[in-house]
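The briefing groups its points by topic.

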Amino acid sequence: SLIIASLIIASLIIASLIIASLIIASLIIASLIIASLLIAALIDIIAAFIDIIAALIDIIATLIIAALIIASIIIASIIMATGRPVVMTSTPGIEDYVVHDRTGLLALVGDPSALAGHVLRLLGDEVEARAFGVAGRALVEERLTTRHLVALLAEFVAGPSRAYWCSWCGFYPRSTSRSIGTCRSMNVPYHSIG
């Protein structure tokens, strides 16, 4: 009976060890599951952060491109104000300031041979270069002074149906009372802003 009692005690100890081992294994598996869930959540957070950074980079790139376009418009206006011909690439909006074959020459973006050709053309024809410079200066005096730009802004603020522009030469009528008519320099209809 001592042997049977010893066997029962040994069986209880072994059963206790097995149960303890199962509990420890369950805790380890639960810990691994929780750790994998935390890692997955962390990966999702990192992915979202990367998406945010990518979106910020896109916004910054757009702002830089816009700043470069605005800078090119300002530079073209300054060059024309000094009576010099303008040779540059045709970036968005520049056609509203530099009239190709009138105040300067525009080449397509990504076409350095055309740009170089335009420069060589004006270097080889001083009369044409001077004519472009004079026309550019006149265009600046006609519609790109601070007085003109403030008047245009006032027309725009007064209401989009009261401000007009010519899509060909960029001329803005000076009076908000002027009705839609025909551009005096290009003989095309004005278009409403907005």
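In this predicted model, Arg137 is partly exposed because its relative accessibility is 38%; the term covers values between buried, under 20% relative accessible area, and exposed, over 50% (1.4 Å probe, protein chains only). The side chain of Arg137 meets that of Glu141 in a salt bridge, with 2.6 Å from N to O. A salt bridge here is a side-chain nitrogen of Lys or Arg within 4 Å of a carboxyl oxygen of Asp or Glu. Residues are numbered from 1 along each chain as its sequence is written, and side-chain values use heavy atoms, with hydrogens and water left out. As this is a predicted model, local features need pLDDT of at least 70 and side-chain atom pairs count only at pLDDT 80 or more, while totals for chains, interfaces and linings use all residues.

**Helix 3**

- Helix 3 comprises 18 residues, 126-143; helices (H or I, at least four residues) and strands (E, at least two) are DSSP runs numbered from the N terminus.
- From its first C-alpha to its last, helix 3 reaches 26 Å, close to the 26 Å expected at 1.5 Å a residue; the expected span is 1.5 Å times one less than the number of residues.
- Glu141 and Arg137 are four residues apart in helix 3, so about one helical turn separates them.
- Glu141 has a relative accessible area of 42% and is therefore partly exposed.
- The buried residues of helix 3 include Phe132, Leu139, Val140 and Arg143.

**Salt-bridge network**

- The structure holds four salt bridges.
- Asp101, Arg121 and Glu128 are linked in a network of such bridges.
- Between Asp101 and Arg121, the closest N and O atoms of the salt bridge are 3.0 Å apart.
- Asp101 lies in the loop between strand 1 and strand 2 and Arg121 in helix 2 (residues 112-124), so this pair ties together parts that are 20 residues apart in sequence.
- Arg121 also forms a salt bridge with Glu128, where the closest N and O atoms are 2.4 Å apart.
- Asp101 counts as partly exposed because its relative accessibility is 42%, and Arg121 counts as partly exposed at 33%.
- Glu128 counts as buried because its relative accessibility is 18%.

**Loop residue Thr91**

- Thr91 is found in the loop between strand 1 (86-89) and strand 2 (104-107).
- With 16% relative accessibility, Thr91 counts as buried.
- Leaving aside residues up to four places away in sequence, Thr91 touches Ile69, Ser72 and Val109, where contact means heavy atoms within 4.5 Å.
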